[in-house]
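Good morning, colleagues. Please look at the model on the screen while I describe its contacts.

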Protein chains: 2
Amino acid sequence: MADVVEKRLREYFKKNAFRPGDPIPKEMELAEALQVSRNVVREALSRLKMLGMIESKKKRGMILSEPDIFGGFERVLDPLILEQQTLKDLFELRLVLELGLADLIFLRKTDKDIQDLEKIVSKSTNINKTSFKVKNEIAFHGKLYEMTGNHTIMRFQTLLMPIFEYVVAEEEKQGAAYSISRITHIDLLEILKNGSAGQFKEAMRAHLSPHFERLI
Amino acid sequence: MADVVEKRLREYFKKNAFRPGDPIPKEMELAEALQVSRNVVREALSRLKMLGMIESKKKRGMILSEPDIFGGFERVLDPLILEQQTLKDLFELRLVLELGLADLIFLRKTDKDIQDLEKIVSKSTNINKTSFKVKNEIAFHGKLYEMTGNHTIMRFQTLLMPIFEYVVAEEEKQGAAYSISRITHIDLLEILKNGSAGQFKEAMRAHLSPHFERLI
DNA sequence: TTTGTCATTATGTTCTACATAATAAAACGT
DNA sequence: ACGTTTTATTATGTAGAACATAATGACAAA
């Protein structure tokens, strides 16, 4: 029944055009209006609290608030409980994102961004250990996401990253041989400096080709 | 306190490598183990039920199950309660997706897919009413997502679509004049038939340029 | 005016009780 | 001895009361 109440509450907020900051009725009133016990109402409210949709303070009551858009998503992103197919789908989703970033990046990149990337690339040249390589890889691609100036996309990619790495690790464990890309971070950076969005897309596709080879 | 219990439960499942289908301890046992009342445990469990992480049947007890990966996301996607900036971020996110699809589409497209697209395009020629145009637009782009064979990406775009439309409608309401793209669905279809992924990316970028013009 | 006390109010937490459904065990009749 | 019915048990679902806690405001005293 908490299911129903939760849904009805959300519909109620939507129907009455509640906005973040607006106070919502107290638990007892809701319980009476919906003809359920306060207990059930609290279960439903607890769900919405998890999503960040409502906040509550003693005596002051509860207010609607802006939810954490990926809060629920984050809680559920566990490689152990998701199906293999879903994990692969998410792996591809991150690839798609990465390939689609070019135009946003070229729209918003700044000189400071280029300098940051140069620092990251310069560090990568004298690295041997695999764990450091992975960290450098993450730093470079993470910076690309940051350059879009889109906080939501960046958060999304941060959440997707562990899944991506998990899928790669699983495939390697099963004997997948990843070829080394002919396009390096240095090449990508060069295009960011002097090239076009179109060239960047092509280069990024080539850079990620080892992953694409394993898709089909 | 439901917050804490919910987190501890998830950690408990993860630590003990619980998999979908595994039975989990009963409410009373959890309550005792965590030193809280059964009520608090039920609030936490109710949250996880919302995410689809657990299912419960009377007497049989509760089992862990595969969560709905976008369940929480879906509940929160209301234009009225999200910040303007977040809405714009999501608008861009969908643009990025659309631009990144090309390689997956060319990897997996079938003759049947092309036929389906041709049907959709042929219907669009003799349409005047705006509402039908929008529906046709959705059908065409939705089909593109479907062609990736990636159910997760498709679901994600379905969720994002209403937000995308909301943002477009809001901008038009504020006097934004959308120029008409020089690349039509017909052009895109032609490239799908006889062109390359690279050409498709370029064409899609041009097709979406009216949206990009409003970004900066 | 300031401070202190007290009543009030709404959420947070616990406990008890009972309903409900599914399962197992026991009792019963033929 | 077999199958059917009844009964008991168990775990979740729902309700309600009780008390704790914290924030607020009102009133009174210094």
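Which residues of chain A does the UniProt annotation "domain: HTH gntR-type" cover? According to that unreviewed entry, the annotation covers residues 1-67 of chain A; such annotations may be inferred rather than shown by experiment, and positions follow the numbering used here, with feature names shortened.

The conventions are brief. This is a predicted model, in which local features need pLDDT of at least 70 and side-chain atom pairs count only at pLDDT 80 or more, while totals for chains, interfaces and linings use all residues. Residues are numbered from 1 along each chain, chains are lettered from A and ligands numbered from 1 in the order written, and side-chain values use heavy atoms, without hydrogens and water.

Let me turn to the DNA. DNA strand C is surrounded by 20 residues, each with a heavy atom within 4 Å of the strand.

Finally, the protein interface. Chain A and chain B each bring 55 residues to the contact, defined as heavy atoms within 4.5 Å. Across this interface there are 8 salt bridges, that is, a side-chain nitrogen of Lys or Arg within 4 Å of a carboxyl oxygen of Asp or Glu. One of them joins Arg42(B) to Glu43(A), with the closest N and O atoms 3.2 Å apart.
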